[in-house]
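Look at the structure first, then work through the points.

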Amino acid sequence: DAGVTQSPTHLIKTRGQQVTLRCSPKSGHDTVSWYQQALGQGPQFIFQYYEEEERQRGNFPDRFSGHQFPNYSSELNVNALLLGDSALYLCASSLGAYSNTFGSGTRLTVV
Amino acid sequence: AQKVTQAQTEISVVEKEDVTLDCVYETRDTTYYLFWYKQPPSGELVFLIRRNSFDEQNEISGRYSWNFQKSTSSFNFTITASQVVDSAVYFCALSERKGGSNYKLTFGKGTLLTVNP
């Protein structure tokens, strides 16, 4: 049974560019959450999607946006990239009140 | 606002030693979950244990055990007879719960555990 799949695994972008990260949830899961983890820090909640709508959002600017598709997969978009956006981006999926299953993340480097 | 504090930044032990990771949390919610996750160098967060706010019974699962005390807002995690494969960053996390669904996880900054042979 495949877990959470994220793509790409690594990405290098230039300041000001836009990036799209993708996540396929674990089979049977309907909720997707995104987290940003800066080096040496704990993951920070970006937002959560359920039934194709953003259900909850963390303290991130509007440059961060997302989408959930009917098959429950999700995308995270970041516009106007800043150096400070360099981080590991983690996707987690869950079903109802069950614990989150995390992917291995996308390592984004902004130069 | 929710907050999780892991005061231990790094811990180094010798194999077979017991090690306890500390976690203190803050929340105004009466219903919440507490978690421990392990993050090996590969980056994936691996779920270890979950406890809800109504259950203070402490348990042991294999080499893992935890001590949940609401009176001190602490949720400490112990690895017994540590092994080199236990080396990783360990995160304590807190989640509010609404309507039967898990909401956002608030993580601590993590504790880097190194188990030396």
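In this predicted model, Cys23(B) and Cys92(B) form a disulfide with their sulfur atoms 2.0 Å apart. Counted over all chains, there are 2 disulfides. The points below take each in turn and then turn to a sheet.

**The disulfide in chain B**
- The torsion about the S-S bond of Cys23(B) and Cys92(B) is about -65°, so this disulfide is left-handed.
- Cys23(B) lies in the loop between strand S3 (19-21) and strand S4 (24-26) of chain B, while Cys92(B) lies in strand S10 (residues 88-98) of chain B, so the pair ties together parts that are 69 residues apart in sequence.
- Cys23(B) is buried, at a relative accessible area of 1%, and Cys92(B) is buried at 0%.

**The disulfide in chain A**
- Cys23(A) and Cys91(A) form a disulfide, and their sulfur atoms are 1.8 Å apart.
- A torsion of about -65° about the S-S bond of Cys23(A) and Cys91(A) makes this disulfide left-handed.
- Cys23(A) belongs to strand S3 of chain A and Cys91(A) to strand S9 (residues 87-94) of chain A, so the pair ties together parts 68 residues apart in sequence.
- Cys23(A) is buried, with a relative accessible area of 2%, and Cys91(A) is buried at 0%.

**The sheet in chain A**
- Four strands of chain A form an open sheet in the order S1-S3-S8-S7, with antiparallel pairing.
- Strand S1 (5-7) and strand S7 (64-68) of chain A each have a single partner strand, so one side of each has no neighbour in the sheet.
- On average, neighbouring strands of this sheet are turned by 15° against each other, direction ignored.
- S1(A) and strand S3 (residues 19-24) of chain A run antiparallel and are joined by 3 bridges.
- Cys23(A) in S3(A) is the bridge partner of Gln6(A).

Note on methods. Residues numbered from 1 in each chain as written. Chains lettered and ligands numbered in written order. Predicted model: local features only at pLDDT ≥ 70, side-chain atom pairs only at ≥ 80, totals over all residues. Heavy atoms only, no water. Pairing = 2+ DSSP bridges. Helix = DSSP H or I, 4+ residues; strand = E, 2+ residues; numbered from the N terminus. Axes fitted to C-alpha atoms, helices over the stretch in contact; angles between N-to-C directions. Disulfide = S-S within 2.5 Å. Buried < 20%, exposed > 50% of the residue type's maximum accessible area, 1.4 Å probe, protein only.
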